[in-house]
Amino acid sequence: MAANYWASTQRLHWNFTKAELNEMRQALEDEDRIVLQQYPLPDRRLLSIFFNQQLAKLGKRMSVRQQALATAQVYIRRFYTKVDVRNTNVYLILATALYLACKMEESPQYIRMVVSEARNMWPDFIPSDVSKLGECEFYLISEMNSQLIVHHPYRTLQELQGRLNLGQDDISLAWSVINDHYLTDLPLLVAPHVVAIAAIFLSLTVKPNHGGLQAATNAAAALANAAQPSKELLQTGASSANTPQDRVQYFVQWLAEGEVDIQAVVDSTQELISLYDLWEQYSEKTCKEQVSRFVKARGLDK
């Protein structure tokens with residue numbers, strides 16, 4: 001695995017601007033406008049929530065580690081920048097991405113077990129022939145140009161825990177925020193350490209939850225109202241930042257004095273806040289019906 005993110009294929013080939021992503025997706029939709037109109041889909045983030053929940057259920061049946069689940073989600077997001085979702089059997093793609101991710105994260109699963117568990121979950125959509133999943137695996141690898149190494153924000157979060165004197169509650173919440181960022185385009189837009197820092201900021205300030213947030217107002221207020229740390233706090237470092245307010249102050253100062261792209265952190269924070277606001281509109285039933293409709297109607301489950 002490339003130890004350095006900056007020299008990795010992730011940064012060199014799978015890091016885009018929002019404009020580039022929109023252009024790629026628009027090109028996919030323009031290939032067949034009729035199919036696009038026949039099979040409307042919910043907001044991409046709502047669809048990502050559905051994919052994530054289905055993956056998590058499948059992963060739980062096989063005791064898959066969180067990092068492998070995260071890698072699978074990145075594979076799915078990369079794959080669907082190259083292929084329109086309406087041209088695929090989504091359930092087979094989910095199972096295959098998880099199977100491939102487990103291999104790459106050194107926790108491989110038997111292909112027959114993956115097929116068996118996937119068929120138990122989605123009996124109408126997963127073929128019993130294990131070779132279908134094998135073929136789909138080569139399809140994913142091909143579309144991703146065999147660039148399968150994924151760097152995640154979890155390592156940065158762990159490295160910063162002591163540096164920023166983060167409590168266990170802060171770490172747990174930041175970890176959950178990192179899990180949620182895979183439901184957005186952030187894995188294709190910013191470096192992993194930026195996501196980790198945005199997650200820490202949210203864990204220290206606005207306390208996100210799946211019921212929604214006070215949008216950007218709370219986040220902006222948290223930054224604007226974070227007073228400059230006292231000289232004593234700056235001199236003694238994070239170890240003296242014992243109160244929540246002190247930890248926020250120290251974090252803001254640390255961020256200002258570092259080399260991190262602050263605008264990227266702010267943009268990532270806004271993207272996550274937007275996700276939590278949108279989450280209230282999520283309906284598993286609606287997503288399932290719309291996905292199942294095009295898979296069945298187009299014969300993609302064969």
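This is a predicted model: local features need pLDDT of at least 70, side-chain atom pairs count only at pLDDT 80 or more; totals for chains, interfaces and linings use all residues.
Student: Where should I start with helix α4, and how many residues does it have?

Tutor: Start with its extent. Helix α4 runs over residues 44-61, which is 18 residues. From the first C-alpha to the last it reaches 26 Å, close to the 26 Å expected at 1.5 Å a residue.

Student: What caps the N-terminal end of α4?

Tutor: Asp43 does, with a side-chain oxygen 2.8 Å from the backbone nitrogen of Arg45. After the helix comes Ser63, whose phi is positive, near 55°.

Student: Which residues of α4 are buried?

Tutor: A general point comes before the list. An α-helix has 3.6 residues a turn, so residues three or four places apart point the same way. In α4 the buried residues are Arg45, Leu46, Leu47, Ser48, Ile49, Phe50, Phe51, Gln54, Leu55, Leu58 and Gly59.

Student: What covers the buried residues of α4?

Tutor: The cover includes α5 (66-82), α6 (90-104), α7 (111-121), α16 (262-279) and α17 (284-297).

Student: Take a residue in α5, Thr71. Is Thr71 buried or exposed?

Tutor: The cut-off for buried is under 20% relative accessible area. Thr71 has a relative accessible area of 0%, so Thr71 is buried. Leaving aside residues up to four places away in sequence, Thr71 touches Ala101, Glu105, Val150 and His152.

Student: Now the open spaces. What is the volume of the largest pocket?

Tutor: About 610 Å³. Its lining has 30 residues, and the closest to the pocket centre are Arg25, Arg44, Arg45, Arg77 and Asp185. Arg45 is also among the buried residues of α4.

Student: How many cavities of 30 Å³ or more does the structure hold?

Tutor: A pocket is open, whereas a cavity is a space where the probe fits but cannot get out. The structure holds two cavities of that size.

Student: Which residues line the largest cavity?

Tutor: The lining consists of Gln10, Val74, His151, His152, Pro153, His181, Tyr182, Pro187, Val190, Ala191, Pro192 and Val195. In class terms, that lining has eight nonpolar, four polar and no charged residues. His152, one of the lining residues, is also touched by Thr71.

Methods: Residues are numbered from 1 along each chain as its sequence is written. Side-chain values use heavy atoms; hydrogens and water are left out. On a 1 Å grid over the protein atoms alone, a cavity is a set of points where a 1.4 Å probe fits but cannot get out, and a pocket is an open set with protein on both sides within 12 Å along at least five of seven lines; lining residues have an atom within 4 Å of a point. Grid points are joined across faces, edges and corners, and a volume is the space filled by probe spheres set on the points. Ala, Val, Leu, Ile, Met, Phe, Trp, Tyr, Cys and Pro count as nonpolar, Asp, Glu, Lys and Arg as charged, and the others, Gly among them, as polar. Helices (H or I, at least four residues) and strands (E, at least two) are DSSP runs, numbered from the N terminus. The expected span of a helix is 1.5 Å times one less than its number of residues. Buried means under 20% relative accessible area, exposed over 50%, partly exposed in between (1.4 Å probe, protein chains only). Contact means heavy atoms within 4.5 Å. A polar contact is a pair of N or O atoms within 3.5 Å; within protein, one must be able to donate a hydrogen and the other to accept it, and residues adjacent in sequence count only if both atoms are side-chain atoms.
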